[in-house]
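Colleague: I've got this one open on my screen and I'd like to go through it with you. Can you walk me through what the coordinates say?

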Amino acid sequence: MRGLALLEGPEIHTAMTLGYSAVGMVECIYIIRNPDKLRRLVSPFRQDPRSGALSRSSD
């Protein structure tokens, strides 16, 4: 499922995704900030602490 992950340093701080109706309209917004639930998510990016720039973790 696609969504948005907000990082604080290397950790995911908030995750968000949208729920759609049968006709494709946004029906729900799901936001997770519970650290226990976010622990199992792994960011595919790493953040440079000096510049804040993101790059793929595999690079």
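Colleague: Where is the place of Pro10?

Modeller: First the ground rules: this is a predicted model, where local features need pLDDT of at least 70, side-chain atom pairs count only at pLDDT 80 or more, and totals for chains, interfaces and linings use all residues. Residues are numbered from 1 along each chain as its sequence is written, and side-chain values use heavy atoms, with hydrogens and water left out. Helices (H or I, at least four residues) and strands (E, at least two) are DSSP runs numbered from the N terminus. On that basis, Pro10 sits in the loop between strand 1 and strand 2.

Colleague: Is Pro10 buried or exposed?

Modeller: Buried means under 20% relative accessible area, exposed over 50%, and partly exposed in between, with a 1.4 Å probe and protein chains only. The areas themselves come from the Shrake-Rupley method with that 1.4 Å probe, and for residues only the protein chains shown count as cover. Pro10 has 67% relative accessibility, so the label is exposed.

Colleague: How far apart in space are Pro10 and Leu54?

Modeller: In sequence, 44 residues separate Pro10 and Leu54. C-alpha to C-alpha, the distance between Pro10 and Leu54 is 10.0 Å.

Colleague: In what order do the elements of the protein chain run?

Modeller: The protein chain has 1 helix and 5 strands. Going from the N terminus, the order is β-β-β-α-β-β.

Colleague: How many bridges join strand 1 to strand 2?

Modeller: Strand 1 covers residues 4-8, strand 2 covers residues 11-20, and the two run antiparallel. They make a hairpin with 2 residues between them, and Gly9 in the turn has a positive phi of about 65°. One of the pairs is Glu8 with Glu11 in strand 2. The bridge count for strand 1 and strand 2 is 5.

Colleague: And which residue is the bridge partner of Gly19 in strand 3?

Modeller: Strand 2 and strand 3 also run antiparallel, joined by 6 bridges. Their hairpin has 5 residues between the strands, with Gly24 in the turn at a positive phi of about 90°. Thr17 stands opposite Tyr30, and Met16 stands opposite Ile31. For Gly19, the partner in strand 3 is Cys28.

Colleague: In what order do the 3 strands form the open sheet?

Modeller: Two strands pair if DSSP finds at least two bridges between them. The 3 strands form an open, antiparallel sheet in the order 1-2-3. Strand 1 and strand 3 are the edge strands, each pairing on one side only. So that's 1-2-3.

Colleague: By how many degrees are neighbouring strands of this sheet turned against each other on average?

Modeller: The axes are lines fitted to C-alpha atoms, for helices over the stretch in contact, and angles run from 0 to 180 degrees between N-to-C directions. With direction ignored, the average for neighbouring strands of this sheet is 15°.

Colleague: Which strand gives the most to the nonpolar patch?

Modeller: Patches are built from residues with over 30% relative accessible area and no salt bridge: like charges are joined within 9 Å, nonpolar side chains (Val, Leu, Ile, Met, Phe, Trp, Tyr) within 5 Å. Tyr20, Val26, Ile29 and Ile31 make a nonpolar patch of about 430 Å². Ile31 is exposed, at 53% relative accessible area. With 3 residues, the top contributor is strand 3 (residues 26-32).

Colleague: How far apart are the closest N and O atoms in the salt bridge of Asp36 with Arg39?

Modeller: A salt bridge here is a side-chain nitrogen of Lys or Arg within 4 Å of a carboxyl oxygen of Asp or Glu. The structure holds 1 of them, and both Asp36 and Arg39 are exposed. The closest N and O atoms of Asp36 and Arg39 are separated by 2.6 Å.

Colleague: How does Asn34 count, at what relative accessibility?

Modeller: Asn34 lies in the loop between strand 3 and helix 1 (35-38). In space, Asn34 and Ala15 are 9.4 Å apart, C-alpha to C-alpha, with 19 residues of sequence separation. Asn34 counts as partly exposed, at 34%.
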